[in-house]
Amino acid sequence: TGPDLEAGAAHYARYCSLCHGDEGEGYKADQANALNHPEFLATATDDFIRHAIVRGRPGTTMSAWHQDAGGPLDDKGVEDLVAFIRTWEQLEPLDVHDYVPEGEADRGETIYEIRCFSCHGDEGKNGLFMSISNPEFLATASDGYLQHALYVGRESAGMPAFGPLLTPQQIDDLIVLIRSWQVDPEEGPVELPVFDPSTMVLNPDGADPEFVLDDEGRVSVDQVEAAYDAKAKMVLLDARLPSEYLHGHITGAISMPFYSVEEYLDSFSKDVWVIAYCACPHAESGVAADTLKDAGYTKVTVIDEGFDAWVEDEYPVTEGPKP
């Protein structure tokens with residue numbers, strides 16, 4: 001049987017819309033690109049979209065959604081989701097993938113500094129917009145895909161068309177520079193985190209933290225770190241997917257993806273503060289917190305600016321499947 005568009009729409013609404021927007025317009029969360037952009041869909045192959053869903057973009061806000069990485073989607077779910085995203089197509093597919101640039105990375109560095117750095121960051125990462133040096137991205141983005149994106153831009157997402165602004169040689173130089181950042185993606189099996197309710201409460205004999213929440217009901221990263229240092233009694237809930245948790249999480253936090261909180265409601269105590277966080281910076285954690293609040297839990301908050309702010313301040317972080 002072919003793809004189930006209704007199932008794909010349901011997957012999108014549950015797992016993708018909070019970051020990419022209800023209609024794929026993008027940037028509801030940091031670095032979440034526009035999936036409905038006509039030029040993107042004209043040059044992104046099914047394999048490109050499928051690979052992004054299955055393996056994610058490690059080190060960014062894009063998680064790996066396949067079951068092999070601890071996500072909720074099996075092969076059929078991924079295919080249904082790809083087919084649903086395709087329903088936004090407006091242009092005929094463009095076969096651009098045989099293009100071979102002829103340029104020099106050294107020349108591209110100057111152009112990148114002037115034209116691209118402010119949006120995409122140093123060496124294509126940690127910018128305001130998507131990472132263009134991510135290993136998983138470059139493993140599937142052809143040089144022709146990069147060339148077309150540079151020529152026509154992503155106007156609705158704020159990226160200008162560089163075709164009228166740069167010469168073909170300058171665009172080739174940029175492509176060669178971007179390609180020089182490519183490294184092999186991580187391979188091999190991973191040990192996934194396993195939820196253990198007996199270890200979810202940090203410092204069970206500690207005092208309750210005293211938080212001053214902002215107008216959105218969020219707590220600052222510094223307040224959480226102060227409570228952490230004071231060994232306050234609390235639950236730190238990492239609402240991201242396991243693939244992101246493995247690459248780094250607040251030391252002592254449990255892994256509980258935002259879409260699964262409802263399954264574990266009975267594990268929480270209404271007398272213990274729950275502090276949820278994600279990295280987008282609070283889209284996923286907001287869903288997790290709202291699920292708890294809707295179930296009657298009142299000692300619930302979200303870390304404002306999320307995990308990235310915690311890392312930036314050099315507070316305790318652990319890699320791997322254990323809290």
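**Close-up 1. Cysteine 278 and cysteine 280.** The closest cysteine sulfur to that of cysteine 278 belongs to cysteine 280, at 3.4 Å, which is too far for a bond. A disulfide is taken here as a pair of cysteine sulfur atoms within 2.5 Å. Cysteine 278 is buried, its relative accessible area being 0% (buried: under 20% relative accessible area; exposed: over 50%; partly exposed: in between; 1.4 Å probe, protein chains only). The model is predicted: local features need pLDDT of at least 70 and side-chain atom pairs count only at pLDDT 80 or more, while totals for chains, interfaces and linings use all residues. Residues are numbered from 1 along each chain as its sequence is written, and side-chain values use heavy atoms, with hydrogens and water left out.

**Close-up 2. Cysteine 116 and cysteine 119.** Between the sulfur of cysteine 116 and the closest cysteine sulfur, in cysteine 119, the distance is 8.3 Å, too far for a bond. Cysteine 116 is buried, at 8% relative accessible area. Zero disulfides are found in a search of the whole structure.

**Close-up 3. Aromatic rings.** Rings of Phe, Tyr and Trp (its six-membered ring) pair if their centres lie within 6.5 Å; planes under 30 degrees apart are stacked, over 60 edge-to-face, and the rest tilted. This rule gives 20 aromatic pairs. Phenylalanine 137 and tyrosine 145 are edge-to-face, because their ring centres are 6.1 Å apart and their planes at 70°. Both phenylalanine 137 and tyrosine 145 are buried. One aromatic cluster is formed by Tyr15, Trp65, Phe258 and Tyr259.

**Close-up 4. Charges over rings.** The criterion is NZ of Lys or CZ of Arg within 6 Å of the ring centre and within 35 degrees of the ring normal. Arginine 57 places its charged end over the ring of phenylalanine 48, 5.6 Å from the centre. Lysine 270 lies over the face of tyrosine 297, 5.3 Å from the ring centre.
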